[in-house]
Amino acid sequence: MPTTSHPRHPRWLRREPPRSEHLGEVRRTLREQRLSTVCESARCPNRGECYGCGTATFMILGERCTRNCRFCSVPHGDPPPVDKDEPRRLAVAVRRWGLSYVVATSVTRDDLPDGGAAQFAAVIDAVGALPGQPPVEVLVPDFAGNPAAVDDVTEAGPAVFAHNIETVPRLYPRVRPGADYERSLAVLRRAAANGLTTKSGLMLGLGEKRHELERVFAELTTVGVRSLTLGQYLRPTTEQLPVERYLPPDEFAELADLARNAGIDSVLSGPLVRSSYCAAQTYHELSGS
């Protein structure tokens, strides 16, 4: 049944507060280098676990988004000018933490002609100049459908090009106003055609139907997506959409099988799975490295 209030999370979604010897160091570096993470901005339930491993998903291009998706707690409004020094400072954090794999995402920047593609490319270049050249996974917005922006990012050579579909087409007007399902598919199709490993993700529990998910799985396969994450939508604050349904773990397992049967090579599916969860492991599995 649809939920109109903010119900107590079921037992499989409850986690202990983050406790880690690395937690203070991660947050100290982020503060010193004036960096942001989606872990904090999106209130990711796994941030304690990831910080405990000395890693985080960097969020570039500021902390204000030009869109106002109904599921997201990242503030929206007029973003700041592009910080040209941000890629260098991000590389400082990567070196300090000794990361062997880097994930970078961003707010949506519809105010920029390239949607922020040049900043993604600069991050890839900055990290690539470090000893060991850690692979960089990018989780990008749709760049307002600008194919040249997709090309700019792919030419920089990310290890994985990710763009989240987020939900089924029917729910886009309610969940992702300003986004377009076919446009997002086109972004993934172009990146795959450019020779990159592509990845996407969906949040579940917003009112989607199983047959709608099966359609999305098939269409993601058609555009060349090789990796998929499926996780439970959790309402960040009372300002966002309520949860319609909490899916039990066994249903996530069933949906993972459906996605694999549709042709997606790697599927991470579970209540607490998020876009960048176990990203390095997935990359190594797909690349055979």
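This is a predicted model: local features need pLDDT of at least 70, side-chain atom pairs count only at pLDDT 80 or more; totals for chains, interfaces and linings use all residues.
Let me begin with a term: a residue counts as buried when its relative accessible area is under 20%.

The structure holds 4 aromatic pairs, and I will go through two of them, starting with Phe120 and Phe143, whose ring centres are 6.3 Å apart and whose planes stand at 85 degrees, so that the pair is edge-to-face. Phe120 sits in helix α5, residues 117-128, while Phe143 belongs to the loop between β4 (136-139) and α6 (147-155), so this pair ties together parts that are 23 residues apart in sequence. Phe120 is buried, at a relative accessible area of 0%, and Phe143, at 3%, counts as buried too. As for Tyr172 and Tyr181, their ring centres are 5.9 Å apart with the planes at 85 degrees, so this pair is also edge-to-face.

Now to the helices. How do α6 and α8 lie relative to each other? The axes of α6 and of helix α8, residues 181-193, come within 10 Å and cross at roughly 40 degrees, and the two helices are therefore oblique to each other, with α6 passing α8 in a right-handed crossing. On the α6 side the contact is made by Pro147, Val150, Asp151 and Thr154, and on the α8 side by Val187, Arg190 and Ala191; sorted by class, that contact has 4 nonpolar, 1 polar and 2 charged residues.

Definitions and conventions:
Residues are numbered from 1 along each chain as its sequence is written. Side-chain values use heavy atoms; hydrogens and water are left out. Rings of Phe, Tyr and Trp (its six-membered ring) pair if their centres lie within 6.5 Å; planes under 30 degrees apart count as stacked, over 60 as edge-to-face and the rest as tilted. Helices (H or I, at least four residues) and strands (E, at least two) are DSSP runs, numbered from the N terminus. Buried means under 20% relative accessible area, exposed over 50%, partly exposed in between (1.4 Å probe, protein chains only). Axes are lines fitted to C-alpha atoms, for helices over the stretch in contact, and angles run from 0 to 180 degrees between N-to-C directions. Angles under 35 degrees count as roughly parallel, over 145 as roughly antiparallel, 65 to 115 as roughly perpendicular and the rest as oblique. A crossing is left-handed if the near helix is turned anticlockwise from the far one by less than a right angle, and right-handed if clockwise. Contact means heavy atoms within 4.5 Å. Ala, Val, Leu, Ile, Met, Phe, Trp, Tyr, Cys and Pro count as nonpolar, Asp, Glu, Lys and Arg as charged, and the others, Gly among them, as polar.
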